[in-house]
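This report is intended for a reader who is meeting the structure for the first time. Please keep the sequence and the three-dimensional view at hand while reading.

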Amino acid sequence: MTATPTSAVSSSPRAAGWAVDLADVAKTYKGRIHALRGVSMKVGAGEIFGLLGPNGAGKSTLVKILMTVISPSRATGTVLGHPVGHKPTLARVGYLPEHHRFPDYLTGAQVLDFYAGLCGVGRADRRKRRGELLELVGMSRWGATRVRSYSKGMRQRIGIAQALMNDPDLVVLDEPTDGVDPVGRRDIRNILLEVKRRGKAVFLNSHLLSELEMVCDRVAILVQGVVASQGTIGELTEGRQRYEIEIADPRPPIEVLRAIAPDLAAAGKLPGGEAIEHTPAMLRVATADAARVQPLVDLIRSRGLVLQALRPVRPSLEDLFMQAVTDPSTGHVLDPGAADDKQGRAARTGGGAA
Amino acid sequence: MIQTITLLVDAYRELNAKKLFWITLVLSGVIVAAFACVGLDAQGLKILWWSFPIPMFNTGTISLALFYKFVFVNFGAALWLSWAAMILAVVSTASIIPDFVTGGAVELSLSKPIGRVRLFLTKYVTALLFVALQVSVFSVASFLVIGLRGGAWEPRLFLAIPIVLGVFSYLFCICALVGLLTRSTIAALLLTLLFWIFLFILNAADTATLAIKTDMAGRMTAQEKRLVRQQSELERREHWARDQLNERAKADAAAKGEPEPAPGVWTIEQLDAADPTLPNVRAERGRIEKQLEESKDNITQLRRWNDGFVIAKTIFPKTTETTGLLERVLVSDEDLESLAKAFGGDERRGRRDPDRPDNDLETERQLRSRSVTWIVGTSLAFEGVVLFLTCWIFSRRDY
């Protein structure tokens with residue numbers, strides 16, 4: 001396997017130093033279930049990359065391919081500069097799988113020691129890092145307790161510490177905040193930001209869109225085995241920003257618009273071409289430029305109407321996600337799960353692999 | 001190196017956490033203690049301070065060292081290590097592979113910079129370590145008992161470690177394969193025990209057909225001897241009858257004043273008339289001949305069956321015979337003879353047909369004549385094939 005840069009994701013200024021550089025990764029189970037259908041993505045050093053998608057989109061399959069737990073049907077690309085599947089490279093990668101199970105006969109400290117040992121970390125380093133990381137994840141008091149008595153949140157914390165024991169250049173975390181309380185989530189966010197600050201890459205797989213939005217530099221949305229969209233949140237929301245206008249009037253906003261500017265109401269757009277949408281509570285103008293909205297604001301005010309609110313709105317990650325998982329032709333949310341030839345769900349090609 | 005040490009330390013921790021490991025170890029200690037309590041003196045069996053007089057079974061018939069070796073081989077190794085402790089070991093270790101490959105656990109291990117085969121084999125060795133430690137402790141304790149109580153320092157006793165370990169590994173390869181395929185401890189345990197029962201039945205069938213065949217061969221030898229004796233008896237009587245008839249012919253010729261006739265050729269009827277017991281002797285010979293023919297047919301059939309079982313055993317591991325190697329090493333043929341005498345072999349022989357050899361001893365000799373290469377080599381070959389298959393599946397599977 002060789003590295004093949006993909007132009008679709010090259011908007012990041014990181015021309016070099018990709019921690020993960022994947023092109024055309026595919027995985028088919030039993031010859032008909034297409035879990036991944038040519039996924040390409042890049043994760044830069046020193047960035048937090050979020051991978052999201054509905055259940056069965058292929059997120060865990062992709063993560064497991066990176067970690068050599070699953071062999072791909074086809075894959076081109078590199079992890080930390082080495083071909084995907086290169087075992088020695090994994091010494092520089094930290095990993096926390098979803099629904100992980102540590103040997104229950106080990107204590108928290110022994111878990112850290114064991115997995116770091118498997119990474120080839122020397123005894124002295126293990127001892128030093130073990131103390132530091134137990135402290136970092138707030139588990140110092142519980143290091144000598146067997147993991148079988150841990151709560152879900154405590155296991156997650158030990159899991160994250162485990163993923164950092166080998167001082168990795170790339171940290172791959174699958175649902176790291178699963179089962180963790182709000183305080184723990186904040187702690188984990190801070191840990192991730194600290195890892196990023198040290199120039200390491202973090203590959204985060206999560207369902208919690210708000211969590212991802214708070215920490216991720218870039219995200220990719222995976223739907224039925226293809227990357228539906230990928231980029232920074234700014235890039236993904238570009239062209240989707242809008243201004244919301246609320247008028248203090250008992251009539252519905254569209255009625256007000258028809259009364260003061262029937263030509264705009266009929267056209268459904270401003271003279272500059274910016275679309276005007278309406279809800280029972282507000283008007284929405286599809287633009288990121290405040291100057292473009294001013295003529296409409298002036299018109300409303302000139303008719304003696306009170307402008308109750310005017311605010312710029314950027315779509316949330318959830319909006320982007322819902323858009324990605326909605327079939328544009330029917331408006332319905334796509335079926336969860338991988339594309340299956342037998343069930344005839346392989347037709348979707350929209351979105352396109354980046 | 002760091003990875004190997006880490007895996008071994010983990011193996012120790014895993015064993016240490018298993019209660020059955022310690023229970024088995026304690027039971028081993030109890031059995032060795034019981035072993036030390038039993039002894040032999042000039043009167044008979046001695047348990048602690050009490051003596052139980054047994055004629056023919058005392059230090060006069062077998063040495064104290066042989067007694068302890070016999071007890072170690074037949075009770076310590078053959079019953080405790082090869083059956084009871086083995087079952088406990090299989091129960092204790094059946095979960096090792098299913099737990100290892102269960103979702104959430106295997107991903108972490110596979111995501112580390114260590115080869116899958118090495119990872120799997122280390123887990124496999126963990127289970128073997130369980131038995132190795134158990135047998136080592138038992139062997140050391142038994143070595144001390146035999147040395148201190150029997151006065152024989154027998155280092156060959158430590159062969160119990162590789163032998164019992166080998167037997168366990170024959171079974172554990174199946175346990176590992178089933179555990180990998182089903183990820184179920186119960187399935188791994190049950191199928192391993194079923195496999196073991198199958199091996200036991202196969203061995204029992206082999207031993208039984210061999211014993212019957214040996215018995216039949218002994219019977220045939222006796223029949224052949226009887227036939228030879230019956231034939232010579234028949235010839236002797238026919239000769240006597242012929243002489244009688246010739247004498248009578250001579251007497252008749254003399255009475256008639258005729259010259260002495262030459263010895264005549266007499267028919268069977270004439271001979272039978274001369275000696276009325278001849279028909280019975282001839283009938284007895286015919287009966288023995290018929291029995292001999294039947295015995296030959298039976299032996300041919302038994303040989304065919306036994307050959308079939310031996311071929312089947314060649315493919316599969318030989319647990320009982322591998323364990324039996326320890327007896328071969330520790331108890332010599334001469335020791336076996338003296339043990340047979342001590343356990344009343346002479347009395348049994350006295351009650352039997354004197355023409356027939358001691359079949360038990362003969363069967364034992366035939367079993368002992370099977371080569372170590374055949375017993376261990378083919379068993380290890382089976383284990384190697386199963387282990388290779390298991391490693392191959394583990395290496396190629398997606399988790």
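## A kinked helix in chain B

In this predicted model, helix 6 of chain B bends by about 25°, with the kink centred on Leu128(B). The helix covers residues 116-150, a run of 35 residues. From its first C-alpha to its last it reaches 49 Å, which is close to the 51 Å expected at 1.5 Å a residue.

What follows helix 6 of chain B? The next residue is Gly151(B), with a positive phi near 75°.

## Overall form of chain B

Chain B contains 15 helices and three strands. Its C-alpha atoms occupy a box of roughly 120 × 55 × 30 Å along the principal axes. The radius of gyration of chain B is 32 Å, whereas a compact globule of 399 residues would have a value near 21 Å.

Of the 399 residues in chain B, 32% count as buried. Considering contacts in chain B between residues at least 6 apart in sequence, 80% join residues at least 24 apart.

Helix 10 of chain B, residues 278-315, includes Leu292(B). Is Leu292(B) buried, exposed or partly exposed? It counts as partly exposed, because 17 other C-beta atoms lie within 10 Å, and a residue is buried only if 20 or more do so.

When residues up to four places away in sequence are left aside, Leu292(B) touches Met220(B), Gln223(B), Glu224(B) and Leu227(B). By contrast, the C-alpha atoms of Leu292(B) and Ile174(B) are separated by 46 Å, the two residues being 118 residues apart along the chain.

## Overall form of chain A

The secondary structure of chain A consists of 11 helices and 15 strands. The C-alpha trace of chain A spans about 75 × 45 × 40 Å along its principal axes. Chain A has 354 residues, of which 45% are buried. Among its contacts with a separation of 6 or more, 70% are between residues 24 or more positions apart.

The domain assignment divides chain A into domain 1, made up of 7-106 + 148-232, and domain 2, which covers 241-313. The C-alpha centres of domain 1 and domain 2 of chain A lie 43 Å apart.

Most residues other than glycine have a negative phi. His99(A) has a positive value, near 50°. This residue is placed in the loop between strand 6 (93-96) and helix 2 of chain A.

Leu48(B) is exposed, because it has 9 other C-beta atoms within 10 Å.

## Where the chains meet

How many residues of chain A are in contact with chain B? There are 26, and they meet 22 residues of chain B. On the side of chain A that touches chain B, the largest share, five residues, comes from helix 2 of chain A, residues 108-118. By residue class, that side of chain A divides into 15 nonpolar, eight polar and three charged residues.

Conventions: Residues are numbered from 1 along each chain as its sequence is written. Chains are lettered from A and ligands numbered from 1 in the order in which they are written. This is a predicted model: local features need pLDDT of at least 70, side-chain atom pairs count only at pLDDT 80 or more; totals for chains, interfaces and linings use all residues. Two residues are in contact if their C-beta atoms, placed from the backbone, lie within 7 Å. Helices (H or I, at least four residues) and strands (E, at least two) are DSSP runs, numbered from the N terminus. Ala, Val, Leu, Ile, Met, Phe, Trp, Tyr, Cys and Pro count as nonpolar, Asp, Glu, Lys and Arg as charged, and the others, Gly among them, as polar. The radius of gyration is taken over C-alpha atoms; the globule rule is 2.2 Å times the number of residues to the power 0.38. A residue is buried if 20 or more other C-beta atoms lie within 10 Å of its own, exposed if 12 or fewer, and partly exposed in between; C-beta atoms are placed from the backbone. Domain bounds come from an automatic or database domain assignment. The expected span of a helix is 1.5 Å times one less than its number of residues. The bend at a residue is the angle between axes fitted to the seven residues ending there and the seven starting there.
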